[in-house]
Amino acid sequence: MSLPHRTGARTGRAPSLTRLAAERASGALLCDAGTVYLRDGQVVHAESPVAPGIEVLLTTGGRLTADSWREAVGRTGRTGGVGRFLVDSGRLSDAELEICHLGALFDAAYFALGHGSGPRGFQRGAAHWLGTVRPVGAVAVERETRRRGRLLAALWPYPQVDTEPVVLRRPDGRAPAVTPRQRAVLALADGVRTPARIARELGRPAFHTLIDIRRLAAAGHVATPRSTRPEHPGRPGLPAGSAASAPPAPDRGPGAVVFTDPDIDLLRRLRDALEATL
């Protein structure tokens with residue numbers, strides 16, 4: 001759901017997120033692929049047309065009904081208090097709102113700030129209708145954006161699979177079995193739906209869906225467009241060569257396995273949210 005943010009003066013020059021954080025600025029950083037909202041130099045929310053919004057994660061995921069969400073927006077959306085209303089009315093706990101908000105924020109920020117998207121301007125004083133839930137430092141947001149780009153490149157360094165319609169292919173007998181999460185993605189892979197559309201229909205973060213799709217492509221379950229050029233694992237989005245080429249055969253050996261450090265703070269918040277519901 002999209003509501004107009006409260007407007008402010010728009011600058012003619014596009015400052016960086018780091019500079020805005022240093023200035024303790026408040027407003028909306030307008031990027032090619034999304035918007036990042038700041039308050040006193042900290043990131044309070046992010047949106048991207050590629051990433052399902054927090055309302056999709058909550059309603060499609062089954063945590064809220066569509067009617068509950070519409071009521072919250074209708075009562076407080078213009079004043080920027082949707083998140084607070086959901087908690088005060090008992091529809092969500094503080095921990096549930098925080099976890100879902102952080103997931104939506106980092107998901108959209110990856111696309112708004114990642115490769116291929118740059119700042120276009122800054123609208124001072126603009127505020128998001130959700131309201132402040134848990135501010136995140138700009139350094140942490142940029143660091144996580146880079147980490148996610150490196151992870152995708154390491155899984156399967158062909159970024160065109162992130163935007164093209166997902167096409168099934170018949171893997172050979174050596175392909176690993178798919179997980180239940182991946183099976184849900186494959187069920188919607190009809191050669192028409194893009195990863196962004198699949199994420200929205202499943203009510204999942206777009207980045208998590210890209211992880212599944214890149215892994216499926218690496219395993220041979222999903223086709224990789226032949227015109228795709230590989231990206232360098234250390235510098236996501238940069239082509240490794242100057243000529244277009246067909247992707248190589250999927251590597252299913254031990255070297256294809258990628259392990260990443262868990263986000264300890266997020267795991268602690270997940271634990272606290274689960275304990276609160278017991």
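Leaving aside its neighbours within four places in sequence, L29 is in contact (heavy atoms within 4.5 Å) with P15, L17, L20, G34, T35, V36, L38, L113, P119, G121 and F122. Residues are numbered from 1 along each chain as its sequence is written, and side-chain values use heavy atoms, with hydrogens and water left out.

Apart from the core discussed next lies another core, of 17 residues, with W69, A72, C100 and A104 among them. A nonpolar core here is a set of buried Ala, Val, Leu, Ile, Met, Phe, Trp, Tyr and Cys residues joined through side-chain atoms within 4.5 Å, and buried means under 20% relative accessible area, while exposed means over 50% and partly exposed lies in between, with a 1.4 Å probe and protein chains only. C100, at 14% relative accessibility, therefore counts as buried.

The largest nonpolar core has 30 residues, of which L17, L29, V36 and V141 touch the most other members. Two or more residues are given to this core by each of α1 (17-22), β1 (27-31), β2, β3 (42-47), α5 (94-113), α6 (138-155) and α9 (206-219), where helices (H or I, at least four residues) and strands (E, at least two) are DSSP runs numbered from the N terminus. The largest share of this core, eight residues, comes from α5. As a general background, nonpolar side chains in soluble globular proteins tend to be buried together.

On the β4 side, L30 stands opposite G121, while on the β2 side C31 stands opposite G34. C31 has 2% relative accessibility and so counts as buried. A hairpin of two residues joins β1 to β2.

What does G34 touch, not counting residues up to four places away in sequence? Its contacts are L29, E47, S48, P49 and A112. G34 has its place in strand β2 (residues 34-39), and at 10% relative accessibility G34 counts as buried. Although G34 and P119 are 85 residues apart along the chain, their C-alpha atoms are separated by 9.1 Å.

Strand β2 also pairs with β3, in the antiparallel sense and over five bridges. The bridge partner of R39 in β3 is Q42, and in the hairpin of β2 and β3, which has two residues between the strands, D40 takes a positive phi near 55°.

Another place to look is where Q182 and D212 meet. Q182 lies in helix α7 (residues 180-187) and is buried, with a relative accessible area of 10%; Q182 touches A177, D212, R215 and L216, not counting residues up to four places away in sequence.

Taken as a whole, the protein chain has 10 helices and six strands. Of its 278 residues, 44% count as buried, and among contacts between residues at least 6 apart in sequence, 73% join residues at least 24 apart. The structure holds zero disulfides, a disulfide being a pair of cysteine sulfur atoms within 2.5 Å.

Finally, the confidence of the prediction deserves attention. The mean pLDDT (the predictor's confidence in each residue, from 0 to 100) of the protein chain is 84, and 77% of its residues reach 70 or more. Over residues 234-245 the pLDDT is below 50, and this stretch has 25 contacts in the model beyond near neighbours in sequence. The pLDDT likewise stays under 50 over residues 252-262, for which the model has 14 contacts beyond four places in sequence.

Note on methods:
This is a predicted model: local features need pLDDT of at least 70, side-chain atom pairs count only at pLDDT 80 or more; totals for chains, interfaces and linings use all residues. Two strands pair if DSSP finds at least two bridges between them.
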